[in-house]
Amino acid sequence: MENAAIEASLACETRSVVERIRPINTIYAYIPKQEKFKKWCVEKHYPNDIVSEMKIVRYVKELFERGMQSTVRNADGTTSTTRIGYSHETLKMHIKALVDLYNKQKVEYEGMMTLKHPRGETLKNFENSLKRLCSTSRQSKNFVDPGIGSIQDGYNAEQLVQVADHYLGRKKKAGDALRDRMVFLLNHMMMLRGETLRDTNLNHLFSLEFKDEGATRCPVFVMMIMGGKTNQEHHKLYSGVIRHKNVQTCAFGAIGFYLFHRFHVQGEAFPDFSMNENWFNTKLARGRSANKAVSYNTQLNSVNNAFAAVGINSVKKTHSGRQAGAREAEMAGLSHDHIRRVGRWNSESMENNYLTCLPRTAIRVIQGFPEEKGCFWLPRTLVTPALSLQQKIFPMVEEWQQKMQMDSSCQTICGEGFLKLLIELRTIILQDAVFLKQLVPDHEMFNHEVFQCEEFIAFAEELNRAINSTTPPAEVEIQRIAPEINSRISDLVLQIQSLYRAPGSHNTVNNEIIEAISSNVVKKMEEKFSNSLGIYTQPSSYINPTDNVAISTTASARRRGREDEEDKEDNPRKRYKLSRDLSNVNSLWKEWSVGLAQGKPSINSLNEEYGSKWRQDSKERKYYSKRLVIISEIRKISEERSISLEDAVQVVENKRISLQGCSLDKL
């Protein structure tokens, strides 16, 4: 009896822990459904409300047949009620809530519970048929709009700009409008769930820089995601954006303008970094106070009003950015792997390094730039504002940086990261304000002295002059057009080959023709971009016709040299294959993290640079998936035990040795 009492006490404690860490939205979803089930048990004259398999099946079946009452607003402003069928997702939520109630009852009524778990064969079979029944019933009986949930449901790229402009032009409660604009754009660009930004604090924000992205610096806004529905284990996941090509939909800039309005226009006190408790709970998307997040209903009403103003008809509201962002990314040509990385979908089966690093290729495309590295160029960054003008924004930054250097008690990694982000935002705010001020010159934010001073006016004039007199850098143009040129040459070669191989033709492909086509393209590119590439090319007017053969030969040799160099470097996208000769975990980790030998790429670098394109072969994909299991375990152990990755590698290797030195495949 004593042991039974101890076990019951432990079960209660375990249940209370589960309840404490459960997401608040799940609690709000489950409780009404559980109470409704208890009332149903009374109506059906059951002796108790203890959950069983047959009770769940009977209860959910009645819900399905009865449907639910829905209120519809008519064109004349009146309302009418009708009954519609439950969706499959709603009925699944009812089942989950009742299974959760069973688990709770098992702890509370340990002596009474003699029934087995309700998820038996009957319930499983019922669930399998439920989706088909719901779909048929809702569409045939209730005339449900088939456009709901389709690719028509939501907004497009043009409407994204219109919604952002709607928020920017809203004069009533301009600070809240800037907050809602920031939330809307971040949800779209990062494919976030509605609650993610509501749970985000200022100490989760920092900035990095992508190196060698193009002709201009490429700062990155990074947000650490510490929880949420897709991260209930509270891993440290990251999401990021760079500056958007279109200033009207730049989420990075939207963050800066919202924080500027909070600290400069509304007069909110600048964060106090002297003690962690003074600022760690300060919300990014604040509600009535700095430590209270904007509520779901406030966010929902804001999206409803914005969509109504623009004319968007979408079933999803606070979740619309996640849906539309993923759809737009797919339309832009991003692979499903890249989209999953940005949206953190299917996190349990994704490699940790996918989720904890920033997918650069996807970020480029989502912000309006080509997929290839080296094409990042923003005309609005041509002129950097003077330091004296920058320091008029968030002037307390330098003071707190100095305090942190002198007093280690107020020094934190996240505090330094947030201050660096604010410094990055200074330049972004000033550069973007030059153009947004033209759109909404009477916005209360632009009446601030920073945007009225002589220094800003002179900066704006200089930036406009620079943009009007500057063309895109040659290296950016080369990166932009090179893939298309390569594709055109390849298509032309195939056409020539098919022509010479046609039935009845006894000719062979004349390689000199192909060489001449390629060399002519190379020669034209070198003439156009000779200054930026450091190549001297004699003007065509000075070329003697008899030199054509020599020029063609030289250009062909140069092109072949480049191809030979690519072959020498062993282009990883096309040629790299995972080693089949590795016998231990240490070697596998070396291949994954730094590469097996000098000049050999690591798997991490291949994933970062090419996504899944380097492993197109089906055998290579299967082999990669097998090795991914081991790498995932290494990262999991490192995270759970708070040890370095190298120590985690040794833990897994010791495990392999303990299994009689089994192979990596068996491991």
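Modeller: Contact here means heavy atoms within 4.5 Å. This is a predicted model: local features need pLDDT of at least 70, side-chain atom pairs count only at pLDDT 80 or more, and totals for chains, interfaces and linings use all residues. Residues are numbered from 1 along each chain as its sequence is written, and side-chain values use heavy atoms, with hydrogens and water left out.

Start with Phe-394. Leaving aside neighbours within four places in sequence, Phe-394 is in contact with Gly-256, Leu-259, Phe-260, Phe-263, His-264, Phe-270, Leu-422, Leu-425, Arg-426 and Ile-429.

Now the core itself. A nonpolar core is a set of buried Ala, Val, Leu, Ile, Met, Phe, Trp, Tyr and Cys residues joined through side-chain atoms within 4.5 Å. Buried means under 20% relative accessible area, exposed over 50%, partly exposed in between (1.4 Å probe, protein chains only). The largest such core has 87 residues. Phe-394 is among those with the most contacts inside it, along with Leu-186, Phe-221, Leu-259 and Phe-451. Helix α18 (residues 413-439) gives the most to this core, 13 residues. Helices (H or I, at least four residues) are DSSP runs, numbered from the N terminus.

Next, helix α17 (residues 396-406). Val-397, Trp-400 and Met-404 are buried there. Seen down the axis of α17, these buried residues fall within an arc of 70 degrees, so they line one face of the helix. The arc is that of the directions from the helix axis to the C-beta atoms. On the other side of α17, Gln-405 and Met-406 are exposed. The cover over the buried residues of α17 includes α18.

Note on methods: Helix = DSSP H or I, 4+ residues; strand = E, 2+ residues; numbered from the N terminus.
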